[in-house]
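The following questions and answers concern the terms used to describe a protein structure. Each answer sets a value against a definition and then draws the conclusion.

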Amino acid sequence: MRLHHHLMQNNGQNIVYCHCVVEHSNVNPPSQRVFGVETEFGCLVMDEDLGRPEDVVEALKDYLFFERKVGAIDYHARDDVFEPAQSGGFLCNGARLYVDAVGSHLEYATAECQSLKDLVANDRAGQRLIVQAIKDLRLQESVAIYNNSIDHFGGHTFGCHENYLVQAQEELMNGNINFLVPFLVTRQIYAGVGRVGGHILYEGAPPTSQQMDQNPIDYIWVSHVYGVMADPTVKFQLSQRSDHILKTIASRVRFNRALINPKWETMYSQNGMTRLHILFGEANQNEYAYALKIGATMLTIRVCEAGLIDASSLLANPLSAIREISRDETYQWEVEMIDGSRSNAIAVQRKFLEAAECLAGESEQTDWILAEWKATLDQLEIDPMVMDDRLDWVAKKKICEQYIAEEGTDWSDDALHSVDLEYHNIDPAQSLFYGLNPRRILKEVDVMVAQTDPPSDTRAYGRGKLVEMVTKRKGTPIYAFDWNYAQVDRQKFVDLSNPFDTYENPWDQWGNPIFEPT
């Protein structure tokens, strides 16, 4: 990509665009992006006879693949250590469900999406599938699954990681990516899910022999384990994970949590583009906050690629700013900029919003993001506490305050940690969140349809149909799936390398159609 002033050259035509030019060579237009989210779930088992949480999540996973046949379980090892055979698989709805060997937790990765509505629907569909499995196995009184991002007492974190298709250019991955940092640090003012209390991290030590023996996979590539203790000075904060972020950018992130984890791999890589993996995020229950978070981040990545953000947006100390913003009970959210001046999180967000406004009019989705981003920042500046219908941290804080008033207690009450947790119960019949009246961007029928149907405008569509095909075969069929390919029998291979191709009528490597003509 080359940057110029005033013009964009596209298919030989010069178009006024953002005072920059992006030259493409067989690369999808910059407005066309694929994104997805991976969510790690916590499991609470209230009946000792059921065994450990690790045993329960294995049972849920096996039921969904072998009984419900929602997808094709991997009979091959995607990774001998981290994803052995039968640890999970791709689903008919284009997503992937698996048990992550690190921590032995259930994890759901959405299908590749271009639409925010598709993304949120596909994400919620995964939750509904898990909840239905619990009910089918008659475990609803004994087992609960949560999309919380913190263990209040053990100090563990659960990830909600975002993936974006980005230009695989040296300027972005080695330079401009740093301009994304202040955006990620400050977006918690609308993207945070809220948290009771806080943690203090302290100097730890290498993992012990006992830890290595009990959970050997958890400590691969781990040379140092930090200690965690409760911080009694914190009543409530915006973010569940802010206390645990130690780096801005890092490749190995076990006990070394970072904002961004660059990944050069095949999940999205195609024709000059690759995957950007963002770690500093949390599992939003509110659909509006979820969509705004992903949408604003997607537009910010694009303006960073185009070189529309300069050094004046950088923070003096982003790692300190994460915690200061999260813990600020006054909601002033002041930060120090790299030039020593003082600003605040809303003003930083406005810089990115203003840069992205040059994209207005390109699509209905982009216009929705820009309008809601501005409206959210405007209201946060006036009174954030009226935004409980659309921001998770506000809704959760109000629930906690109601509990405190009704029980005659205060913020030191450990019961508030349970209130915090139950907000994230993914079962609508049990979750405190679903007892509210949140602003929605979906209808419930959208979530129902997304349990079986993949998004219609990415390669997830073709892969989902191929998964559905092999699940209907009798016996133990031979197949292997990944994000960018499908092997549907011993000799037929389907290339799925283009994330924007729906592969509605896929062909094998010999040029033969996979699906029989109807």
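Q: Which residue in strand 21 is the bridge partner of alanine 486?
A: The bridge partner of alanine 486 in strand 21 is valine 494. The model is predicted, and local features need pLDDT of at least 70, side-chain atom pairs count only at pLDDT 80 or more, and totals for chains, interfaces and linings use all residues. Residues are numbered from 1 along each chain as its sequence is written, and side-chain values use heavy atoms, with hydrogens and water left out.

Q: What makes strand 20 and strand 21 a pair?
A: Two strands pair if DSSP finds at least two bridges between them. Strand 20 (residues 485-487) and strand 21 are joined in the antiparallel sense over three bridges. Strands and helices are themselves DSSP runs, numbered from the N terminus: a strand (E) has at least two residues, and a helix (H or I) at least four.

Q: Why are strand 19 and strand 21 said to stand at the edges of the sheet?
A: The sheet is open, with three strands in the order 19-20-21 and antiparallel pairing. Strand 19 (480-482) and strand 21 (493-495) each have a single partner strand, so one side of each has no neighbour in the sheet. On average, neighbouring strands here are turned by 10° against each other, direction ignored.

Q: Which helix packs on the sheet, and which strands are touched?
A: Helix 14 (residues 459-471) packs there, touching strand 19, strand 20 and strand 21. Contact means heavy atoms within 4.5 Å. The direction of helix 14 makes about 160° with that of strand 19.

Q: Why are helix 9 and helix 10 called roughly antiparallel?
A: The axes of helix 9 (residues 345-356) and helix 10 (residues 364-382) cross at roughly 160° and come within 11 Å. Axes are lines fitted to C-alpha atoms, for helices over the stretch in contact, and angles run from 0 to 180 degrees between N-to-C directions. Angles under 35 degrees count as roughly parallel, over 145 as roughly antiparallel, 65 to 115 as roughly perpendicular and the rest as oblique. Helix 9 and helix 10 are therefore roughly antiparallel to each other.

Q: Which residues make the contact between helix 9 and helix 10, and how do they divide by class?
A: Helix 9 contributes Ile346, Gln349, Arg350, Phe352, Leu353 and Ala356, while helix 10 contributes Leu370, Trp373, Lys374, Leu377, Asp378, Leu380 and Glu381. These residues divide into eight nonpolar, one polar and four charged. Ala, Val, Leu, Ile, Met, Phe, Trp, Tyr, Cys and Pro count as nonpolar, Asp, Glu, Lys and Arg as charged, and the others, Gly among them, as polar.

Q: Why are helix 7 and helix 9 called roughly perpendicular?
A: Helix 7 (residues 287-305) packs against helix 9 at an angle of about 75°, with the axes 9 Å apart. Helix 7 and helix 9 are therefore roughly perpendicular to each other. Leu299, Thr300, Val303 and Cys304 of helix 7 meet Phe352, Ala355 and Ala356 of helix 9. By class, this contact has six nonpolar, one polar and no charged residues.

Q: What makes strand 3 mostly covered?
A: In strand 3 (residues 35-45), nine of the eleven residues are buried. Buried means under 20% relative accessible area, exposed over 50%, and partly exposed in between (1.4 Å probe, protein chains only). Strand 9 is also mostly covered, with eight of its eight residues buried.

Q: How many bridges join strand 3 to strand 9?
A: Five bridges join strand 3 to strand 9 (residues 160-167) in the antiparallel sense.

Q: Why does serine 320 count as partly exposed?
A: Serine 320 lies in helix 8 (residues 318-327). Its relative accessibility is 27%, so serine 320 counts as partly exposed.
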